[in-house]
Amino acid sequence: MSSDTPPAVAESEGRAPKPDPTPSALTAKAGLGDRIFGGSARGAAIFILVLMAAIAAFLIYQAEQAISVDKVNFLTSFTWDPDGNNTPNGVPEFGIAAIAFGTLITSLIGVLIGAPIAIAVALFITHYAPRALGTVFGYIIDLLAAVPSVVYGLWGLLVLDNHMAGVSKLISDVLGWIPMFKTNGTYGSSIFTAGVVLAIMILPIIAAIAREIYKQTPREQIEAAYALGATKWEMIRYAVLPYGRSGVTSAIILGFGRALGETIAVAMVLTSVPGLVTRILQPGGNTIAANIATSFGDAFTTGRQALIASGLVLFVLTLLVNYIARLVVRRAGKAGA
Amino acid sequence: MSLSQPNPVRKAKNNIAYGVMVLAFVIAIIPLISILWTVISKGAKDFDVYFLMHSMRNVSESQSNGGAYHAILGTLEQVGLAAVITIPLSLLVAVYLVEYGQRHRLAQAVTFFVDVMMGLPSIVAGLFILSFWVLGLGISKTGSGFAASLALLILMMPIAIRSTEEMLRLVSPALREASYALGVSKWRTIVKVVLPTALPGIVTGMMLGIARIMGETAPVLLLVGVSESINANPFSQPQGSLPLFVFSESQNSLQTAINRGWAAALTLIILVMLLNLIARLIAWWKAPAASR
């Protein structure tokens, strides 16, 4: 009987529409099979909720263990020495301030470089390239998202960084009077290089979302702009860009959130230096995520718990960023833009 | 100024904008070409059958032999285990969300957590399992492949649930109603009508999820331990991992180690791209002819 069902279903599709009864009105009384299947589906849903709750509880417990023995302020201190290797009497001293700063500045550089290029790429694919070619170009950009981050790290460390040294020297020669761009005479393996790697990694994410949004620009608005005598650029400037503003803003924030959490590529590219690093062109700097990857191997109990505490901060940070991204879209939806 | 001829300034702006867009696209594909070219040209040096079939046991970093077999085996087992657990679980959760949970409070809670997990940094997924499984329950303290599987599972779950959910919602309600009208029970309708209809899309989503977790290094680094020998048992003792092998070889300044790193990166890229390609082929092959 069941093997006959699909063809019968296919036939009935073409018939005249009937009054639309709710699906539940049509279901037979729940039999044993239904109760087992429905129950296991519900059970699976409950299981992942319980799992998440348990994980959150353990995470907070471990982090709390570390912070309670910390001798300096966890949120404002620049040092990271939870196992007390270099502190008097070996007391644990660790704070998130320096690595949190590193996380924000590398991600910010990533977005500042990556987002404009991603938007231009999305516009090129949707409004400049021929339709068939645009699809192919879209696939090519999507390939960037498929490259594993460890491969980005390897390439960033062994290929890109050699080129970045030259670029960094040029920037430093021209803009060296700004404190941020001063160097000690060495270049590369820097916050700037990490930012460029992040820019390349978040570019396909932003470009993919922006592409979907720009593609949906109402035809009438585009035609209306042309009818007013607009050039192609003016049409994009006054029809496509305003239409996509909120969606693309949210895509950029999502990309920023992705950059905050990127670990292994940043860990491979950056030369980690203790303390706060504000010079972005010379070797040095660290991020929360990269610090976890690089210090984990040598960390003892308190060290591991301290890394978990820093991971919790990173988690909250990304949650906040993703929430803001969703808020931007929802606000725009309400305003009717 | 006539309507058909924009003034020279506007025309110039238009041309500059066009140039900028083309330039941006060229800039965006330069890294892709550079990455693929370096990985293939440098990776090809060490990439051969010997590399794929031997481990790093009793091989010092300065020797040019040795291979990635232990790492490939480890990654395939870890990813396989994660997929074996994630696929049925996420199928059930998605079926619950679409077919049973409509606007129920439990469904809203699950949707919210899937959203949260979607933006989860992969290193945090590793820390989850570290604090829960390793430090909390005290299992596999020196690392094991299964601990890494658990972290990978957390990363794959939201992708798998979200894509399956979307595919199930695409199935026409008319199909379900027709099945009910024939007296077929709800669960048989789901298993025999809804799931088969959505299958190609679900398979694509699952494969993209597997491709995503296969290249993850950060969570594996925290959980898998250090092993240079072949360990086929993911449940005890440290195990190798292919992305981690790329990372550890890159931390060495010896050219022999770097060469192995490139070859391992090539192996990893081939695996990931193959999965991506197959997933997209299934999606393309099963898509309605009009949208091809």
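Domain bounds in this report come from an automatic or database domain assignment. For chain B that assignment gives domain 1 (8–43) and domain 2 (52–291), and the C-alpha centres of domain 1 of chain B and domain 2 of chain B lie 33 Å apart. The structure is a predicted model, in which local features need pLDDT of at least 70 and side-chain atom pairs count only at pLDDT 80 or more, while totals for chains, interfaces and linings use all residues. Residues are numbered from 1 along each chain as its sequence is written, and chains are lettered from A and ligands numbered from 1 in the order in which they are written.

## Domains and the contact between chains

Two residues are in contact if their C-beta atoms, placed from the backbone, lie within 7 Å. By that criterion, four residues of domain 1 of chain B are in contact with five residues of domain 2 of chain B. On the side of domain 1 of chain B that touches domain 2 of chain B, the residues divide into two nonpolar, one polar and one charged, where Ala, Val, Leu, Ile, Met, Phe, Trp, Tyr, Cys and Pro count as nonpolar, Asp, Glu, Lys and Arg as charged, and the others, Gly among them, as polar.

The contact between the chains takes 76 residues from chain A and 82 residues from chain B. Helices are named here as DSSP runs (H or I, at least four residues), numbered from the N terminus. Helix 1 (residues 8–43) of chain B, with 20 residues, gives the most to the side of chain B that touches chain A. That side of chain B has 58 nonpolar, 16 polar and eight charged residues.

One residue of helix 1 of chain B is B:Ala28. A residue is buried if 20 or more other C-beta atoms lie within 10 Å of its own, exposed if 12 or fewer, and partly exposed in between, with C-beta atoms placed from the backbone. B:Ala28 is buried, having 24 other C-beta atoms within 10 Å. Not counting residues up to four places away in sequence, B:Ala28 touches A:Ile117, A:Val121, A:Ile141 and A:Leu203. From B:Ala28 to B:Leu52 there are 24 residues in sequence and 33 Å in space, C-alpha to C-alpha.

## Helix packing

Axes are lines fitted to C-alpha atoms, for helices over the stretch in contact, and angles run from 0 to 180 degrees between N-to-C directions.

| Helix pair | Angle | Axes |
|---|---|---|
| Helix 3 (residues 69–100) and helix 8 (residues 186–214) of chain B | about 140 degrees | 10 Å apart |
| Helix 3 and helix 6 (residues 145–170) of chain B | about 35 degrees | 6 Å apart |
| Helix 7 (residues 191–215) and helix 9 (residues 232–261) of chain A | roughly 150 degrees | within 9 Å |

Angles under 35 degrees count as roughly parallel, over 145 as roughly antiparallel, 65 to 115 as roughly perpendicular and the rest as oblique. Helix 3 of chain B and helix 8 of chain B are therefore oblique to each other, whereas helix 7 of chain A and helix 9 of chain A are roughly antiparallel.

A crossing is left-handed if the near helix is turned anticlockwise from the far one by less than a right angle, and right-handed if clockwise. Helix 3 of chain B makes a right-handed crossing with helix 8 of chain B, and the residues of their contact divide into 10 nonpolar, one polar and one charged. The crossing of helix 3 of chain B and helix 6 of chain B is right-handed, with 21 nonpolar, seven polar and three charged residues in the contact. In chain A, helix 7 and helix 9 also cross in a right-handed way, and their contact has 14 nonpolar, three polar and one charged residues.

## Buried helices and loop residues

Nine of the nine residues of helix 10 (residues 242–250) of chain B are buried, so this helix is largely enclosed by the rest of the structure. Its buried residues pack against helix 6 (149–175) and helix 10 (264–269) of chain A, together with helix 3, helix 9 (218–223) and helix 11 (255–286) of chain B. In helix 7 (residues 173–181) of chain B, the buried residues include B:Arg176, B:Glu177 and B:Tyr180. After helix 7 of chain B comes B:Gly183, with a positive phi near 85 degrees.

B:Asn58, in the loop between helix 2 (49–53) and helix 3 of chain B, has a positive phi of about 55 degrees although it is not a glycine. B:Asn58 counts as exposed, with 9 C-beta neighbours inside 10 Å. B:Gln237 lies in the loop between helix 9 and helix 10 of chain B, and its phi is positive, near 70 degrees. With 15 C-beta neighbours inside 10 Å, B:Gln237 counts as partly exposed.

Definitions and conventions. Helices (H or I, at least four residues) and strands (E, at least two) are DSSP runs, numbered from the N terminus.
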